[in-house]
Amino acid sequence: MTNSNLIAFALGDRWTGFWQGTIGVWILERGVPIALYLIGGLLAARFINWGARRVVKRIDAEYQESDQLVRTESAKHRQAVASVISWVTVALLFVIVIMQVTSILAIPVGSLVAPAAVLGAALGFGAQRLVQDLLSGFFIITEKQYGFGDLVSLTVAGIALPAEGTVEDVTLRVTKLRSSEGEMFTIPNGQIVKTVNLSKDWARAVIDIPVPTAADLNVVNDLLHGVAEKAMEDPGLNALLLDAPQLMGVESIELDTVNLRMVARTLPGKQFEVGRRIRVLVVRALRRAGIVSPTDGVPTVEALVHPATSVGAADETQGPPEDRK
């Protein structure tokens with residue numbers, strides 16, 4: 001028997017002895033199962049997220065391939081529910097993995113009751129806002145307050161101005177909005193005080209039209225009724241309108257102008273586009289009729305006061321009466 005064979009037998013015996021020893025047995029009986037649980041949990045979490053993204057893309061593809069101009073309420077709600085279900089499933093999956101790992105490590109749960117109670121009480125004071133966020137997110141989803149793609153205005157506690165934008169993601173903890181300027185707002189659900197959904201079922205475009213007080217309102221009303229008829233004849237506007245625009249009449253009276261209001265019911269989220277296009281038609285009709293606002297065409301000239309002729313400078317120059325004697 002050669003030296004190489006002797007070395008090989010020695011290494012084989014040592015390798016076999018390692019796996020039969022304490023460390024080897026622990027790796028085989030506990031280490032490998034723990035590693036399998038962790039790897040399996042990570043793979044399952046990635047699969048759940050992949051499945052949720054596939055569902056969202058499929059729902060979005062149905063909208064893109066259809067002739068619908070806006071998403072239906074059911075589609076928006078299904079996308080929000082898919083996001084929440086994936087988030088909750090991943091959280092439960094990691095809880096199960098942690099429980100299995102502690103079971104394999106033979107950690108006595110009974111001995112952890114007292115420390116867990118103290119830790120739970122400590123975390124309870126710090127996790128109040130987290131629990132509030134989760135409960136608020138649950139009611140947002142179940143009550144269908146808003147969903148994916150909705151245009152909303154959210155009043156957040158401690159912030160003066162509301163957060164406005166399009167909903168891009170809804171989970172049990174946060175709501176993500178994309179503003180018109182491309183900014184992403186991440187708002188905890190527990191901090192939302194008031195929700196204003198601007199694209200729920202239908203929307204309304206409000207157009208305020210200032211006209212001079214000297215203008216004949218009967219003529220202006222006839223022009224605006226003609227604008228409403230023209231809007232319904234426009235194929236682009238007709239597809240966005242649910243019914244013909246309505247003239248509400250005089251909304252307010254100011255010193256030089258009378259404000260008329262026109263409203264139109266539109267598809268969800270299309271009120272701003274409809275409002276802009278109707279304003280163009282209104283301005284065009286009023287211009288053709290020769291009805292302009294009092295400030296149109298009148299240049300504004302401000303007199304520039306020389307410092308030497310100002311009141312303060314004049315007083316300083318003249319001085320007190322006794323000095324001028």
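Modeller: A contact here means heavy atoms within 4.5 Å. This is a predicted model, where local features need pLDDT of at least 70 and side-chain atom pairs pLDDT 80 or more, while totals for chains, interfaces and linings use all residues. Residues are numbered from 1 along each chain as its sequence is written, and side-chain values use heavy atoms, leaving out hydrogens and water.

Colleague: Take contacts with a separation of 6 or more: what percentage comes from residues 24 or more positions apart?

Modeller: That's counted over the protein chain, which has 10 helices and eight strands (DSSP runs numbered from the N terminus: H or I of at least four residues, E of at least two). Residues 24 or more positions apart supply 63%.

Colleague: Is valine 258 buried or exposed?

Modeller: Valine 258 sits in strand β8, residues 257–266. Buried is under 20% relative accessible area, exposed over 50%, partly exposed in between (1.4 Å probe, protein chains only). At 8%, valine 258 therefore counts as buried.

Colleague: Which residues is valine 258 in contact with, leaving aside neighbours within four places in sequence?

Modeller: For a sense of place, its C-alpha lies 9.2 Å from that of alanine 214, 44 residues apart along the chain. The contacts of valine 258, with those neighbours set aside, are Ile209, Pro210, Val211, Thr213, Val250 and Ser252.

Colleague: And arginine 54, what's its relative accessible area?

Modeller: Arginine 54 belongs to helix α2, which covers residues 22–65. This arginine is partly exposed, because its relative accessible area is 48%.

Colleague: What share of the 325 residues counts as buried?

Modeller: That total takes in the protein chain. Buried residues make up 27%.
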